[in-house]
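Please open the model in a viewer and keep the selection tool at hand.

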Amino acid sequence: MANPLQPLAKKDFDYAAAQHLLNRAGFGGTPAQVRALVELGLDDAVDYIVDFKGEAAGPTAAEFRGIMRGETPEERETLRRARAAGDEETIARLQGERQAREKSDREQLAEMQKWWLAKMISTGRPLEEKLTLFWHGHFATGYRTIENSYHMLAQNAFLRANAAGNFADLVRGIIRDPAMLKYLDNDENRRRSPNENLARELMELFTLGEGNDYTERDIKEGARALTGMTFRGDDFFFNQQEHDPTPKTILGRTGGFSGDEFVSIILEHPVCSRFIVSKLYKFFVNDAPVPPKDAGDAVTRLAKDFRAKRYEIRPILKTLFRSQHFYAKDNRLSVVKSPTQLMVQTIRSLGTPVREMSALAQAGDLMGQQLFQPPSVKGWDGGRAWINTATLFVRQNVVVYLVTGRRPAAFDWDPSELSYDVSPLVAHLRDSGGGVDPHEAVRALAAFALGGEPAPERLDELDRFLGSLGGTVTDDRVKAMLCLIGAMPEYQLC
Amino acid sequence: MPDNAFTRRLFLERSLTLASLAATVPCFIERSALGMLGNPLLSSQPGVPDQRILVIVQLGGGNDGLNTVVPYGSPDYYNARPQIGLRAPGAAAQNGQQAALDLANAQGIGLHPNLTGFKELYDGGLLTVVQGVGYPNPNRSHFTSMDIWQTGRLDAKGSGWIGRYFDNTCNGTPIPEGAVAIGRNAPLAMQGDIQKPIAFESPSLFRWLGEDLHRTMKDPYDAINRAGAVGGAAAGTQREFLMRTALDAQVASDKIRAAVAKQPLVQYPQSGLANQLKTVGAMIRAELPTRVYYASMGGFDTHGGQLGTHANLMRQLGDAVLAFQNDLKAQGNEGRVLTMVFSEFGRRVKQNASNGTDHGTAAPMFLVGPSLKAGVCGNHPSLTDLDQGDLKYGIDFRSVYTSILEDWMKAPAEAILRGKFAKPELIVAKAKA
């Protein structure tokens with residue numbers, strides 16, 4: 001059987017292939033950006049994207065600060081005395097101050113959600129953000145449980161710094177990450193009363209996959225290895241007194257293991273690389289319930305490579321993005337766009353105005369993806385789970401909003417009156433007199449916006465629509481067409 | 001040409017039925033043929049109507065249970081709440097504040113004076129007050145406690161209890177519009193691994209807004225989205241899945257908007273909750289496949305000057321639920337619907353320094369419907385035997401869920417709640433004419 005990871009023939013890296021790469025390894029791009037990738041050629045295009053050669057443009061996180069903190073010893077003492085004396089006023093004041101901190105922390109999280117979206121929209125290193133989003137869903141941590149936006153921000157920075165680096169570093173770092181330690185209760189994992197939460201998810205969700213060759217006993221013993229790993233303020237803290245140094249038996253090995261040694265034992269297990277590669281495959285290549293025939297072979301080969309390269313992420317991504325398999329017909333338009341992908345790709349490829357970031361954050365929530373707030377430690381299921389009859393309307397309406405300014409949640413119009421210049425999408429279609437052939441316009445717009453030619457009969461309605469208006473292609477009609485194309489079920493795929 | 005147009009429309013309508021059936025059939029076949037508990041006779045048991053519906057009303061912010069079901073018989077209540085305690089039934093109105101409505105004189109408990117709607121339902125044998133509902137080691141954070149109630153788990157993690165109800169009864173095939181939340185976001189309670197809820201704030205937004213741009217937009221949109229599975233996509237592919245869902249969305253949107261366009265059979269009051277329940281009532285009347293509806297109202301976090309605020313909330317709650325029940329009765333659907341009202345926690349026994357109350361623990365729940373053992377269930381929690389100033393719960397909320405799941409929804413409660421809980425007798429299978 002032919003190796004599905006064989007590189008694509010250089011001549012086959014055409015416009016459609018480059019667009020496919022840009023959609024999957026990033027959030028799409030303008031026609032000019034796609035053409036630029038074609039000119040680079042397959043090898044350089046993949047290097048450019050995977051080595052993050054672009055500029056990390058976008059807003060900075062400098063304005064965010066730590067708001068949540070525990071009560072100071074003085075506050076605790078005041079509260080104790082007020083309780084003893086039945087001093088309701090002081091109790092109420094301290095409570096009020098705490099509630100005020102919680103409120104501004106929630107407001108800061110809302111700002112962070114907009115900040116990250118803005119970063120995805122403007123970055124020159126789209127794969128960096130896309131991988132950060134992938135790891136956020138993989139090492140899922142939810143703000144609502146930890147109620148500390150600054151810790152979510154620190155985790156986000158950690159995931160970004162290691163996004164295409166080494167998976168082992170990610171695992172070692174995440175068990176030192178205050179947000180994760182809090183989210184999975186490891187701050188309460190003590191020698192005398194071990195808490196299994198982190199140990200369980202570390203094996204089940206982060207490295208091996210549910211029930212993959214480990215037992216409940218491995219979880220219990222692993223939890224003991226993780227005792228004492230907690231945080232103080234914003235920093236990791238190893239509490240020696242709470243750590244259980246006595247012997248444990250994990251995955252058949254016995255020793256007085258620390259948390260780091262527990263991680264090393266897990267990472268040596270052969271199922272780990274396959275579990276992670278399968279998840280990357282679903283994210284980057286195909287998330288249909290029944291994957292194409294040679295998917296298993298591709299995953300096996302990549303997993304072997306991943307393990308041999310000691311969990312270095314970049315090399316396997318390059319192999320994947322250069323492979324024939326990645327560009328095979330079965331793997332085009334076979335991933336359901338996440339809500340974030342849907343919005344960011346619409347903006348980046350169609351060149352629509354960004355409009356109001358808070359409306360986009362809200363739309364993301366309505367479509368089932370609130371950044372920094374995955375629904376559970378399992379992260380987002382992805383694939384078809386994104387789509388139901390209600391989210392589909394929001395998805396169609398958010399495209400209308402981006403193209404026209406008509407807000408998805410109300411009947412008013414975007415007051416900022418941002419104008420949307422569609423000329424880059426149709427400039428190459430103009431004849432010498434500046435006119436555009438309607439038949440050609442329909443095909444070009446649909447192929448570009450959908451990332452591939454739709455079935456011919458699907459375009460008939462668009463032809464009829466344009467024809468009913470007299471057939472002239474004006475800017476407004478291009479926008480109307482984009483609204484309709486954005487409402488095609490096919491638009492949900494990339 | 002007319003012939004052609006007719007054929008085309010017929011073809012559309014036919015494909016419409018087929019495609020939307022494709023997704024719903026397996027679950028219903030499973031339910032009626034095998035039964036949810038493996039009992040083949042279950043769905044044809046006399047007196048057990050098919051398609052029972054659960055309506056959940058969530059009171060967000062922590063409803064003050066002690067001023068909802070008022071323990072006027074206890075002097076401790078008035079000692080703890082000198083400014084905000086509600087007077088016993090029969091007492092004269094003072095500063096515009098009415099006395100409580102009598103509920104169970106022997107137990108010394110009454111209802112908030114503005115819960116006249118609940119009083120009417122109670123007198124009509126349609127309301128059950130479940131007293132002192134809570135859970136061990138109560139959490140006083142709004143978010144965490146709400147997540148505990150919605151997941152049905154003390155660690156507040158994982159899927160929602162209603163989501164798991166669907167997952168456990170629908171063998172791998174979600175029901176489109178099986179779980180509907182009226183509101184901006186679908187609650188965690190309805191999130192299953194297989195079944196996902198749908199949520200819309202208003203039926204008028206449950207549609208494509210692009211058609212408002214220009215009159216020419218609707219036709220091509222419809223043609224694109226109603227092509228269904230006949231649009232040439234191979235079965236099982238991502239494209240086929242999306243085209244089928246797009247058609248289902250159009251059908252659901254049509255049905256829901258047609259449903260709410262009808263004048264309801266009774267008049268509803270003007271309030272957020274009443275509007276939500278009006279939509280639910282319209283959808284039930286239109287025979288949508290929805291099994292669980294979720295409505296909610298907020299504003300119950302009454303830390304300061306709570307008398308007036310809470311009185312308004314009680315008025316809205318009682319009147320909305322009464323109108324909804326009357327609507328169901330007028331429709332002839334009363335026997336199919338059970339309504340459950342809950343909040344994430346009650347409030348402290350003692351009022352605070354600003355004539356409000358802080359986050360507390362146990363509180364009453366309300367159930368509404370004709371198949372209930374109407375009346376008061378459980379004892380009012382003691383006002384003196386407290387846990388750090390808070391009421392001790394008498395009935396675990398998961399016990400109430402167990403009762404609803406087993407005796408109303410006929411579903412395996414133990415598997416859904418991942419635990420066995422004592423089941424209070426709340427629902428009686430009355431053969432209603």
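Begin with both chains displayed: 44 residues of chain A are in contact with 41 residues of chain B, two residues being in contact if their C-beta atoms, placed from the backbone, lie within 7 Å. This is a predicted model, in which local features need pLDDT of at least 70 and side-chain atom pairs count only at pLDDT 80 or more, while totals for chains, interfaces and linings use all residues. Residues are numbered from 1 along each chain as its sequence is written, and chains are lettered from A and ligands numbered from 1 in the order in which they are written.

**The side of chain A that touches chain B**

Select α5 (88-122), α19 (357-366), α20, α23 (456-468) and α24 of chain A, the elements that give two or more residues to the side touching chain B. Helices (H or I, at least four residues) and strands (E, at least two) are DSSP runs, numbered from the N terminus. The largest share of this side, eight residues, comes from α20(A). Coloured by class, the side of chain A that touches chain B shows 25 nonpolar, nine polar and 10 charged residues. Here Ala, Val, Leu, Ile, Met, Phe, Trp, Tyr, Cys and Pro count as nonpolar, Asp, Glu, Lys and Arg as charged, and the others, Gly among them, as polar.

**Cys483(A)**

Next, select Cys483(A), which is found in helix α24 (residues 475-486) of chain A. Is this residue buried or exposed? Cys483(A) is buried, because 27 other C-beta atoms lie within 10 Å; the cut-offs are 20 or more such atoms for buried, 12 or fewer for exposed, and partly exposed in between, with C-beta atoms placed from the backbone. Leaving aside neighbours within four places in sequence, Cys483(A) is in contact with Val399(A), Val400(A), Val403(A) and Thr404(A), and also with Gly210(B) and Leu213(B). Val400(A) is 83 residues away from Cys483(A) in sequence, yet their C-alpha atoms are 5.4 Å apart.

**The two domains of chain A**

Now colour domain 1 (339-404) and domain 2 (423-492) of chain A; these bounds come from an automatic or database domain assignment. Their C-alpha centres lie 23 Å apart. Nine residues of domain 1 of chain A are in contact with nine residues of domain 2 of chain A. On the domain 1 side, helix α20 (residues 389-404) of chain A supplies the largest share, six residues. That side of domain 1 of chain A has five nonpolar, three polar and one charged residues.

**Helices α1 and α2 of chain A**

Move to helix α1 (residues 15-24) and helix α2 (residues 31-40) of chain A, which pack at an angle of about 110° with their axes 9 Å apart. Axes are lines fitted to C-alpha atoms, for helices over the stretch in contact, and angles run from 0 to 180 degrees between N-to-C directions. α1(A) and α2(A) are therefore roughly perpendicular to each other, as angles of 65 to 115 degrees count as such, those under 35 as roughly parallel, those over 145 as roughly antiparallel and the rest as oblique. Among the residues making the contact are Tyr15(A) and Leu22(A) of α1(A) and Val34(A) and Leu37(A) of α2(A).

**Each chain as a whole**

Buried residues make up 48% of the 494 residues in chain A. Chain B has 11 helices and 12 strands, and 51% of its 433 residues count as buried.
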